[in-house]
Amino acid sequence: MAEAEKGSATTRSKESNVKEEISLKDKGNEFFKAGNYLKAAALYTQAIKLDPSNPTLYSNRAAAFLQLVKLNKALADAETTIKLNPQWEKGYFRKGCVLEGMERYDDALATFQIALQHNPQSTEVSRKIKRISQLARDKKRAQEVQSMRSNVDMAKHLETLKSEMFEKLGSEECLKDMFSFLVETMETAVKSWHEASKVDPRVYFLLDKEKTQTDKYAPVVNIDKAFESPHTHSNCFSFLRQYADDSFSKAACLVVPKNIISYPQVWKGQGSRKWKYGQHDGFFVQYESHFMRKIWFIASTNEKGQTLCRNPEVLDIGAHEVLPRLFKEKLPNP
C-alpha cells in the first residue's frame with residue numbers, strides 16, 4: 001500500500017512538473033511576443049530545468065537569445081535542439097538564423113537547405129534561402145570591392161605604356177624613373193579618392209636631382225584656382241610651363257578632380273554632353289614630358305557602400321587636354 005502511494009505521489013509530482021513547465025513556456029511565449037526577450041529567455045531557462053530533454057524549449061530560448069544578440073548562446077541552443085530532434089526542421093531553421101546573424105552566410109545557406117529537406121513545403125525556409133543567397137553574393141562582392149580598394153596596382157594598367165615610353169626614351173634608367181613617377185602619382189591620387197572621395201588639384205614634377213635647385217623649386221604645385229575662369233587657366237598654364245623649364249623637370253603629372261572643371265573641353269567651348277563621362281564623378285591624370293603626352297580619366301562609383309575608382313580610361317589628349325603642352329617637344333631617340 002505504501003509503495004502504491006509512493007508511486008502515486010511520484011506520478012503527481014511529474015504531472016505537476018509538466019504543468020509548471022507548460023506554464024513557464026506559455027509565459028515565456030507571451031513575453032517573447034511582447035518584445036521582452038530577456039524575461040522570455042529566463043522563463044525558458046526555468047522550464048528547461050524541469051524538462052532538459054524538450055527540444056522546443058531550447059528552440060524558443062535560441063530565438064530569444066538571437067533577439068538579444070547573444071549569438072553564441074543562441075547557436076548552442078539551436079544545436080541542442082537539433083541533437084534532441086534531428087528530424088525537426090525548426091532546429092535547423094534556428095541555427096540558420098543565428099548563422100545569418102553572425103554573417104556566416106555560406107554556413108547559414110547549408111543549414112537552411114537541410115531544414116528544407118525536412119520540410120520541403122516551408123515557404124519561410126525557402127524565403128530565407130533566397131535572402132541568404134543574395135546576402136552571400138553581396139558579401140562576396142563587398143569583399144572584392146574592398147580588395148580592389150586596398151590593392152591599387154596602376155603599373156598593371158599602364159603596362160602597355162612601358163614599351164611606348166621605352167621606344168621614345170631609349171634608356172632603361174629614364175624609363176624606370178618616369179614610369180615609376182607616373183605610377184606613384186596615380187596610385188597616390190586613387191588612394192586619396194578612396195579615403196576621402198576627393199583629390200587636391202595639383203601638378204607633380206619629376207625634378208632633375210642633379211640640376212634642380214630643390215630649395216627654390218618644390219615637386220608639387222597647387223592649382224586650385226586654375227579653373228575658375230579662362231583667364232586664371234591661361235595664367236596658370238604660363239606659370240607651370242615656366243616652372244617646368246626653370247626647375248629642369250623631366251616630366252609632370254597633373255591631377256585634377258572633374259567636379260572643378262566639369263569636363264575637359266570647357267576651355268574649347270564644347271558642351272559636356274559630347275563627352276561620355278560627363279555624368280561620372282572622378283578625376284583626370286595628365287602626363288607631360290618632352291617625349292610624350294597622355295591623359296586618363298579615372299571614374300569613381302559607389303559600390304556596396306564604398307567609393308571605388310574604376311580602371312584608368314585613356315583619352316585623346318588632343319581633344320581632352322586639361323592643360324596645354326608644358327614641355328617643348330623633342331623627337332624620339334633614333
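Residue numbers start at 1 in each chain, following the sequence as written, and side-chain values rest on heavy atoms, with hydrogens and water left out. Since this is a predicted model, local features need pLDDT of at least 70 and side-chain atom pairs pLDDT 80 or more, while totals for chains, interfaces and linings take in all residues.

**View A. The largest pocket, at about 790 Å³.** Of its 28 lining residues, L206, D208, F248, S249 and K250 sit closest to the centre. A pocket here is an open set of points on a 1 Å grid over the protein atoms alone, where a 1.4 Å probe fits, with protein on both sides within 12 Å along at least five of seven lines; lining residues have an atom within 4 Å of a point. Points are joined across faces, edges and corners, and the volume is the space filled by probe spheres set on them. Helices are DSSP runs of H or I, at least four residues, and strands are runs of E, at least two, numbered from the N terminus. By class, the lining has 11 nonpolar, 5 polar and 12 charged residues (nonpolar: Ala, Val, Leu, Ile, Met, Phe, Trp, Tyr, Cys and Pro; charged: Asp, Glu, Lys and Arg; polar: the others, Gly among them).

**View B. The second largest pocket, with a volume of about 230 Å³.** Its lining has 14 residues, and M148, N151, H157, C309 and N311 are the closest to the centre. Helix 7 (123-150), helix 8 (154-157), helix 10 and strand 6 (306-309) each give two or more lining residues. Helix 8 has the largest share, 3 residues.

**View C. A ring cluster of F205, Y217, F239 and Y243.** Rings of Phe, Tyr and Trp (its six-membered ring) pair if their centres lie within 6.5 Å; planes under 30 degrees apart are stacked, over 60 edge-to-face, and the rest tilted. F205 and Y243 make a tilted pair, 5.0 Å centre to centre with 40 degrees between the planes. This pair links strand 1 (residues 202-206) to helix 11, 38 residues apart. Y217 and Y243 pair edge-to-face, at 5.2 Å and 80 degrees. Both Y217 and Y243 are buried, as is F205 (under 20% relative accessible area, 1.4 Å probe, protein chains only).

Note on methods. Buried < 20%, exposed > 50% of the residue type's maximum accessible area, 1.4 Å probe, protein only.
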